[in-house]
Amino acid sequence: MMLSQSVLNALVSVFVFNQCLAYFSVEKHDDCFCQLSGKIDECTCNIDTVDHFNNVKVYPRLKSLLLKDFFRFYKVNLKRPCPFWSDDSKCAMRYCHVEPCLAHEIPEGLKGATKDNNSQKTHLQTSPADKYARDQNEGCTSQHNTLDYLNKTLSEKAQKDIQLWNAHDDAQDNFCEIDENDEEAEYVDLLLNPERFTGYAGASAHRIWKTIYLENCFRPKRSFNFNPYIQSAKLNELCLEERVFYRAISGLHASINTHLCSNYLLSESNGLSLANPKGKWGPNLEEFQKRFSPDTTNGEGPNWLRNLYFVYLLELRALAKAAPYLESEEYYTGNDPNDWDTQMAMKDLLNVIKSFSDHFDESTMFRNTEQAEKLKYEFKQHFRNITKIMDCVGCDKCRLWGKLQIQGLGTALKILFSGKLDNVANNIKLDSHNKKEFQLSRNEIVSLVNAFGRLSNSVYKIDDFRQILR
Ligand SMILES: Cc1cc2nc3c(=O)[nH]c(=O)nc-3n(C[C@H](O)[C@H](O)[C@H](O)COP(=O)(O)OP(=O)(O)OC[C@H]3O[C@@H](n4cnc5c(N)ncnc54)[C@H](O)[C@@H]3O)c2cc1C
């Protein structure tokens, strides 16, 4: 059937009109994303480069790596009291609750450091600490029979002193207060306690973020103290190092809030009370838009998301820089086949990370020699304070993931700025001298890789929200 020209024209007009409507309604709802493009601040690469690299190459690898036992168990003290104010509110909802591991749930090789298995001597023999002690002892006995044997035995007092000196030297590099040696630290299974919506909000949560931005972030000189939150437009009044610090914290904040939106309690099953953790969990687009749309955030939401990409690139660079160290790790849990798998998966991930061409360039920071040392010291002090503030978070699950992500970021900063890996080229194996010079504890490695996993997950989930909208 032939259509007359006027009918055709009318159809074309209706089609064009509908397309425009669709375009404008996408534009309207797409506002979290339309400003989320172009170059990432302080870096040389674009948002979409990171999206592609992360979503195709990094995210799937991390997803399976983080299921491995080495990365699954994190040792943390969730009972340390808040050093700054008396704990005003404790989240009582079951969503906030964290269940520490029982002794039989922890992999054999990690048990040496737990307090409740002193009686299990067989486990102690397989702990990482014992394993290395045993290796050293074996070396000693074989030398005993040779003529040039040198007795290197030290008095107990001298050994203690050396331990203290070493601890002091290490602490100089550290950006975090370390939990793992605390008496009260316990292993937590991260897979059983996923980061998601907990309902933790209001005065207690605001006090934490406010204290971080107001007292522990560098601030533009003329920013008013009654508004603790820093406007992105004023960031150029800060120097590069101060901006990097702010962007890293803001990016972490954006990542935490992205997670609670992407793993939100959509409905409670069978009308059970709020205290029941069972229910339907999934992405909540409305919540995401409320938190990141320019309309509801004074134009800041997209900038906060850009900061998330920034902190992603910062941790990515730290992993690339520490690759020679991380490639020579054993990822020991006492289960040889699993440990070997973990080592291979980690090497594969590190190869992908090293292949990224636009890494964050930390060598541009702390260059002005007169100011550099002072600024670096302040940078470290601010960050250490933030690690202590994590003990004031009034919801155990938020505290667990807050501590882990802050320790992961602190470990990344230690890798980037301790100076000890600066001259180590990418494709070499670390010799024993370098390994002695630069040390990461098991918890530091676990937190670094998991924290990066969280950022990778956020970038992936942001793309999910983008797809849902379109
Ligand atoms: C360490 C920590 C971990 C948490 N973990 C969880 C969790 O696992 N699950 C959960 O449900 N809740 C968690 N929360 C709570 C959550 O982060 C929010 O505080 C809460 O949902 C209330 O949100 P809000 O919209 O009032 O603003 P908030 O996120 O509390 O932010 C307060 C103010 O900070 C500014 N702001 C917001 N985002 C940024 C940014 N990215 N950069 C700079 N400034 C910003 C805004 O002015 C905002 O009004 C956690 C809180 C903390 C402190």
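This is a predicted model: local features need pLDDT of at least 70, side-chain atom pairs count only at pLDDT 80 or more; totals for chains, interfaces and linings use all residues.
Residues are numbered from 1 along each chain as its sequence is written, and side-chain values use heavy atoms, with hydrogens and water left out.

First, the ligand. It is surrounded by 25 residues, the closest being Thr198, His206, Ser250, His253 and Asn257; a residue counts if one of its heavy atoms lies within 4 Å. By type, the shell holds 16 nonpolar, 6 polar and 3 charged residues, where Ala, Val, Leu, Ile, Met, Phe, Trp, Tyr, Cys and Pro are nonpolar, Asp, Glu, Lys and Arg are charged, and the others, Gly among them, are polar.

Now some individual distances. A ligand oxygen is 2.8 Å from a side-chain N or O atom of His253, and a polar side-chain atom of Arg291 lies 2.9 Å from an oxygen atom of the ligand.

Next, the backbone. Most residues other than glycine have a negative phi. Tyr331, not a glycine, has a positive phi of about 55°. Tyr331 is in the loop between helix 12 (323-327) and helix 13 (336-354); helices are DSSP runs (H or I, at least four residues), numbered from the N terminus. Tyr331 is buried, at 1% relative accessible area, buried meaning under 20% with a 1.4 Å probe and protein chains only.

Phe366 also has a positive phi, of about 50°. Phe366 sits in the loop between helix 13 and helix 14 (369-389), and is buried at 13%.

Terms used:
A polar contact is a pair of N or O atoms within 3.5 Å; within protein, one must be able to donate a hydrogen and the other to accept it, and residues adjacent in sequence count only if both atoms are side-chain atoms. Helices (H or I, at least four residues) and strands (E, at least two) are DSSP runs, numbered from the N terminus. Buried means under 20% relative accessible area, exposed over 50%, partly exposed in between (1.4 Å probe, protein chains only).
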